[in-house]
Each structure stands twice: as structure tokens, then as C-alpha cells.
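Subject: Structure for your review

Dear colleague,

Please find below the structure that I am passing on to you. My notes on it follow directly.

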Amino acid sequence: MKSKDKKLELLKALYSHKFDGKYYDVLDILKQFGPTSKDEAYNISKALNDQGFIKMISTKDGTDAEIVSDGVQYIEELELVRKPYEPTDIIDEEEKELLERKLDELST
């Protein structure tokens, strides 16, 4: 997985815990998406921190992070762009057939 993909997955994972005031272990989150080292977890966190999307705490034991409002907004805007329109039909098959017949009658 590319680094930019890992950044996005980390943001999404942190988004699911938005505004709970807790920090989460970045390495644990990133391991879900493939092999990850402490250094990579730190570098990804640092990049997102520098962009203003997360707050991070890093020690020799690892890196923890929480998403901040700019990160939340970024994910919400991204999801709006990526989310395809999926209409829900409230008309059952019988009603569709009836409507089609009536439309056919009108057009002839």
C-alpha cells in the first residue's frame, strides 16, 4: 500500500473516533493495512500533523494520534466526493409495470 493510501486509511480510522478526546496508537491502526514500522508510523503521523489534520504524541515507544477538526472536515468532504449516488426505489415491481403500461398508453 502506498504511503498516501496509508495516510488516508489512518485518517478514516481516526475519524471513526472523532471528538472523543483520545489518542490512538498509529502503528496498531496501520498494521491493519499491511506491514508497517515505527518509523513509517511516525513519518505518516508527522505529515498529517504538519497538514493540520491530526495531533500527535511521539515517544520512543511509538506514536499516538487523534484527528482534529480540519481532518474531520477533510474526510467528510472527501467522502461526499467519493460517495456515489445510490437511489432507493420505493416503488415495487408491480407498480413499475403499471406505470410503464400507463405511460405506453399515453404515448400511443
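Phenylalanine 19 is exposed, with a relative accessible area of 58% (exposed means over 50%, buried under 20% and partly exposed in between, with a 1.4 Å probe and protein chains only). This residue is found in the loop between α1 and β1 (24-25), and its phi is near 60 degrees, a positive value in a residue other than glycine.

This is a predicted model, in which local features need pLDDT of at least 70 and side-chain atom pairs count only at pLDDT 80 or more, while totals for chains, interfaces and linings use all residues. Residues are numbered from 1 along each chain as its sequence is written, and side-chain values use heavy atoms, with hydrogens and water left out.

The chain as a whole

The chain has 5 helices and 3 strands, and along the sequence they follow the pattern α-β-α-α-β-β-α-α. Helices (H or I, at least four residues) and strands (E, at least two) are DSSP runs, numbered from the N terminus. The radius of gyration is 23 Å, well over the 13 Å that the globule rule gives for 108 residues, so the chain is more spread out than a compact globule; the radius is taken over C-alpha atoms, and the rule is 2.2 Å times the number of residues to the power 0.38. Along its principal axes, the C-alpha trace spans about 80 × 30 × 20 Å. Of the 108 residues, 27% count as buried.

The packing of α1 with α3

Helix α1 (residues 3-15) and helix α3 (residues 38-50) pack at an angle of about 70 degrees, with their axes 10 Å apart. That makes α1 roughly perpendicular to α3 (the term covers 65 to 115 degrees). Axes are lines fitted to C-alpha atoms, for helices over the stretch in contact, and angles run from 0 to 180 degrees between N-to-C directions. On the α1 side, Ser3, Lys6, Lys7, Leu10 and Leu11 meet Glu40, Ile44, Ser45, Ala47 and Leu48 of α3. These residues divide into 5 nonpolar, 2 polar and 3 charged.

Lysine 55

Lysine 55 lies in strand β2 (residues 54-59) and, at 43% relative accessibility, counts as partly exposed. Leaving aside neighbours within four places in sequence, lysine 55 is in contact (heavy atoms within 4.5 Å) with Tyr23, Asn49, Asp64, Ala65, Glu66 and Val68. Glycine 71 is 16 residues from lysine 55 in sequence and 9.8 Å away in space, C-alpha to C-alpha.

Yours sincerely

Conventions:
Parallel < 35°, antiparallel > 145°, perpendicular 65-115°, else oblique. Nonpolar A, V, L, I, M, F, W, Y, C, P; charged D, E, K, R; others polar.
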